[in-house]
Amino acid sequence: MKVLIGHYTLESNEHVKGLTELDSFNLKFGDRLLSTMHVEDIFRAHNIELIPAIFADAHSAKVLSKEAYKYIHDKMIRSVKENLHDLDGIYLFLHGASKVEDLPEGSGERQLLKDIRQLTGPYLPICVVMDPHGNLTEEYVSMMTIGRCYRHSPHTDLVETHRLVAKMMVDLLNDKKSLVAQYRKLPFVLGGERSVSTDEPMISINKKLDEIEQDARILSASFHVGYLRHDNFAAGSGLVVVPSDMKYKDYAQTVLDELYQFCVSKYSEFDYHGHALDVPEAIKQSIESDDKHVVVTDSGDNVTSGAMGNNTYLLNEYLALENYNNKQLLFAGITDEQTFQLISNSDFDDYFDIELGTDSDDMSRKVKLTVKVKGKGILQQTFGDTDNYGETITLSMKDKPIDIVLIDKSVSFAERHQFNAANIDLSQYHLVVVKQGYIFPELKEYCDYSIMALTQGPTNQKTENIVFKQIMRPMMPFDEIDETD
Ligand SMILES: [Zn+2]
């Protein structure tokens, strides 16, 4: 048997100016694609040949340009067309939160799946692994044979979920069944920072999903947090349940209805992960804390959710301090392509002056600094991605106990391998400021105390302050919902 395999990830924040182009993508084809997608051995063990289409991953960024999308879309469609009469199924990772310039519905994933289904018709198995931070629609889910997202945020079960869906797909191909994933939309828009899976109510919701998957009539069950940076009819959380056989379709709907009630009843429990503080209190606590290692996340400039990582606002606030309580501070990193280019080829042995900041808005105003180059390194991405994305320059300030990692691409420093590749010894620092919302597991392990600073910016965490016009109503937190309905 033959299965076509592909991957498309871009979390597009529409509140960030500009467009994502193809050069922001890590593109892989052939064997490099296969060795990245965690499932090659599972299919091979069942004598299923994998046909690599395209792996395109830009993590989180801006809205995608139509030209860049066309390239990715056309590669995928061409692979499907060329192999259509040999294919027994298609296995895809589709993140779910891409937005493409000039596409009627915006979503690159929905268009892609629609165009693939145009070629295959409704029955060819298409099994889709998803990120929970994507927006779904009834039509989109109904084009999937199996649709299953990660349970955990941060996504510690990424590999496990890819492998789980691959195993489900192998069984499905052997059993010769046609399935259709079932969907129900939830009446709330949720931020990722209020739905971390080590907190309630996600613990209870995930427990319930695990129980549902124990039922032989149900193949899989997922809770989708959704993505709140698109004002679009698809915005909002959602539920996907796949029956193990279409004779259980009605039962799957009953399960969805029960899950809906359960999730709505838990809505008031969704709250910020950890210590979420307004900026003055975040700064005060982080400096005064006796804990050895403190991490502050600049949540309004959360690169893992599409922000640019160029805000200098928090840096400025820390620069204004006179007393650092004998702490050594690290800002990892700040994105400023122009300044990076300006100093990357120079050989500075001594201190020099720079103006750090892209000046794109009030949060990224230029800051005058006297610095020297402390070190250079390699820029790597999150989710264990050890590919080379560029370089890093670590700068030390002359008259402040502050180091800054300057980068020319938007990357969130969230995992150990990223600091190691950048030649940064985390043990030297008492206070590390990163461009994240909820703190990632490896940083949480590193630090003794973490604070989410509620900064302004394109990933402002105060959902209730975001303006939505095109969403379904009523929708919490903007409208009241009668939970007994
Ligand atoms: Zn995600």
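Reader: Let's start with R151. Is R151 buried or exposed?

Author: The labels work like this: buried means under 20% relative accessible area, exposed over 50%, and partly exposed in between (1.4 Å probe, protein chains only). R151 has 7% relative accessibility, so R151 counts as buried. Keep in mind that this is a predicted model, in which local features need pLDDT of at least 70, side-chain atom pairs count only at pLDDT 80 or more, and totals for chains, interfaces and linings use all residues. Residues are numbered from 1 along each chain as its sequence is written, and side-chain values use heavy atoms, leaving out hydrogens and water.

Reader: Which residue forms a salt bridge with R151?

Author: The general idea first: side chains of opposite charge can pair when their charged atoms come close. The rule here asks for a side-chain nitrogen of Lys or Arg within 4 Å of a carboxyl oxygen of Asp or Glu. For R151 the partner is D210, with the closest N and O atoms 3.0 Å apart. R151 sits in the loop between strand 8 (146-149) and helix 6, and D210 in helix 7 (residues 202-214), so the bridge ties together parts that are 59 residues apart in sequence. Helices (H or I, at least four residues) and strands (E, at least two) are DSSP runs, numbered from the N terminus.

Reader: How many salt bridges does the structure hold?

Author: It holds 27. One of them joins R163 to D41, with the closest N and O atoms 2.9 Å apart. That pair links distant parts of the chain: R163 is in helix 6 (residues 158-175) and D41 in helix 2 (residues 40-45), 122 residues apart. R163 is partly exposed at 24%, and D41 is also partly exposed, at 42%. Then there's K66 with D102, where the closest N and O atoms are 2.9 Å apart. D102 counts as exposed at 59%, whereas K66 is partly exposed at 38%.

Reader: Which residues are linked in a network of salt bridges?

Author: Look for E105, R110, K114 and E139.

Reader: Now the bigger picture. What domains is the protein chain divided into?

Author: There's domain 1 (2-269) and domain 2 (275-460), with bounds from an automatic or database domain assignment. Their centres, taken over C-alpha atoms, are 32 Å apart. Contact means heavy atoms within 4.5 Å, and by that rule 23 residues of domain 1 are in contact with 23 residues of domain 2.

Reader: How much area do domain 1 and domain 2 bury between them?

Author: Buried area is the accessible area (1.4 Å probe) that two parts lose on being put together, summed over both. Here that's about 1700 Å², 53% of it on carbon and sulfur atoms. On the domain 1 side, H59, P154 and E193 lose the most area, together 33% of what that side buries.

Reader: What polar links cross the interface of domain 1 and domain 2?

Author: The rule finds 1 salt bridge across the interface. It also finds 13 residue pairs in polar contact (both at pLDDT 80 or more). A polar contact is a pair of N or O atoms within 3.5 Å; within protein, one must be able to donate a hydrogen and the other to accept it, and residues adjacent in sequence count only if both atoms are side-chain atoms.

Reader: Can we read a single residue that way? Where does K327 lie, and is K327 buried or exposed?

Author: K327 lies in the loop between helix 10 (313-319) and strand 14 (329-335). With a relative accessible area of 6%, K327 is buried. The side chain of K327 reaches the backbone oxygen of S289 at 2.9 Å. Not counting residues up to four places away in sequence, K327 touches several others, including D291, P401 and H430.

Reader: And what does the side chain of S364 make polar contacts with?

Author: One is the side chain of D361, at 3.0 Å. Another is the backbone nitrogen of S360, which lies 2.9 Å from a polar atom of the S364 side chain. S364 is in the loop between strand 15 (352-356) and strand 16 (367-379), and at 0% relative accessibility S364 counts as buried.
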